[in-house]
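I opened this notebook to record what I looked up about the pockets and the ligand. The entries follow the order in which I went through them.

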Amino acid sequence: MSIPDNHPRAESLRIRERIIEGMHEKVVAEAGLIAHGRGEAYDYILGEKTPNYAQKQQEVAVAMLLTSKKAVISVNGNIAALCPKEIVKLAENTGALLEINLFYRSEERVKAITSVLEKAGAKTILGVEPEYFETIEEISHLRRIVDMRGIYTADVVLVPLEDGDRTMALRRAGKEVITIDLNPLSRTSLWANVTIVNNVIRAIPEMTEEAFKLKNKNSDELKELINNFDNYQSLQETLNFMSSRLRELAEGKLEDPTKNL
Ligand code: PTJ
């Protein structure tokens with residue numbers, strides 16, 4: 001559907017169209033639409049901009065990717081539909097591997113997502129060839145199927161836009177987990193080592209920019225950034241930001257769009 005440029009929510013509607021098209025092409029799971037709607041609601045509270053606290057979260061996350069032995073970016077349907085080129089660029093600029101890992105896994109969807117990533121320029125895509133499949137037993141659903149060259153042997157895993165129990169299982173398996181989740185109260189957000197509470201649409205390209213900046217720092221400086229970060233404190237800061245924004249709006253900053261009618 002073509003979205004008129006003068007629609008007040010044109011950008012948001014265009015992004016929504018990408019998710020809907022992705023669903024028709026079997027890239028996005030049906031539940032991915034529900035997840036997207038939940039994300040949109042949280043993004044309203046952020047004012048659809050990257051807050052300062054998220055810049056810090058993104059900086060630490062990139063430092064973790066750059067200092068890892070083996071970092072893997074886990075790709076699901078929503079990420080493939082929303083930011084395929086951006087995720088490939090982030091992987092290239094941080095040395096991370098890309099692995100398709102799906103909650104609603106089917107061969108048809110793996111193929112559809114592989115094709116989207118290839119078109120976006122990905123050269124190597126893990127999680128596709130059965131001869132490399134391994135299982136993480138702690139995970140009770142199809143996300144347990146991982147690639148032995150990727151998530152199975154990674155020390156750092158970025159799981160953008162995720163459901164909770166895999167993060168818990170990955171942590172229990174001794175891995176460091178970074179997530180991007182607009183809901184600061186989700187189980188994923190609470191269980192990750194670094195939670196970026198921002199929209200993936202903004203966070204992923206901004207993380208690539210951050211990678212360009214951080215590449216000039218040595219590994220001790222990067223490790224210091226990581227060691228000084230406390231995810232629990234950072235989530236409190238996030239909740240403070242959200243609640244003060246709502247309070248400010250409630251106490252007078254909310255503009256009345258009908259006042260000049
Ligand atoms: O492609 P699959 O089969 O792996 O399935 C992917 C989904 C997203 C359907 C699956 O992982 C799922 O059900 O996830 P949840 O439990 O709905 O969690 C998704 C989380 O991502 C929620 O906390 C949302 O608020 C958040 N979210 C949604 N859209 C965005 C987002 N966070 C950041 N940016 C977004 N654009």
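**Entry 1, the model.** I noted at the outset that this is a predicted model, and I kept that in mind for each value I wrote down.

I began with the volume of the largest pocket, which comes to about 930 Å³. I then looked up the lining and found 44 residues, with Ala 35, His 36, Gly 39, Asn 78 and Leu 161 lying nearest the centre of the pocket. Sorted by class, this lining has 18 nonpolar, 13 polar and 13 charged residues.

Of the elements, α2 gives the most to the lining of the largest pocket, with eleven residues.

I next asked where the ligand sits, and the answer was the largest pocket. I counted 23 residues around the ligand, and the closest of them are Arg 38, Tyr 104, Arg 109, Asp 181 and Asn 199. By class, the shell around the ligand divides into eight nonpolar, nine polar and six charged residues. Both α2 and α4 supply at least two residues of this shell, and the largest share, six residues, comes from α2, the helix that also gives the most to the lining of the largest pocket.

I went on to individual atoms, starting with Arg 109, where a polar side-chain atom lies 2.7 Å from an oxygen atom of the ligand. For Glu 162 the atom concerned is a polar backbone atom, which is 3.1 Å from an oxygen atom of the ligand. For Leu 182 I found a backbone N or O atom lying 3.1 Å from a nitrogen atom of the ligand. Taken alone, the ligand exposes 740 Å², and the protein buries 94% of that area.

How many residues does α11 give to the lining of the second largest pocket? I noted three, which is the most from any element. By class, this lining has six nonpolar, one polar and four charged residues.

Definitions and conventions:
Residues are numbered from 1 along each chain as its sequence is written. This is a predicted model: local features need pLDDT of at least 70, side-chain atom pairs count only at pLDDT 80 or more; totals for chains, interfaces and linings use all residues. Side-chain values use heavy atoms; hydrogens and water are left out. On a 1 Å grid over the protein atoms alone, a cavity is a set of points where a 1.4 Å probe fits but cannot get out, and a pocket is an open set with protein on both sides within 12 Å along at least five of seven lines; lining residues have an atom within 4 Å of a point. Grid points are joined across faces, edges and corners, and a volume is the space filled by probe spheres set on the points. Helices (H or I, at least four residues) and strands (E, at least two) are DSSP runs, numbered from the N terminus. Ala, Val, Leu, Ile, Met, Phe, Trp, Tyr, Cys and Pro count as nonpolar, Asp, Glu, Lys and Arg as charged, and the others, Gly among them, as polar. A residue is near a molecule or strand if one of its heavy atoms lies within 4 Å of it. A polar contact is a pair of N or O atoms within 3.5 Å; within protein, one must be able to donate a hydrogen and the other to accept it, and residues adjacent in sequence count only if both atoms are side-chain atoms. Accessible areas come from the Shrake-Rupley method with a 1.4 Å probe; for residues, only the protein chains shown count as cover. A molecule sits in a cavity or pocket if more than half of its atoms lie within 2 Å of its grid points.
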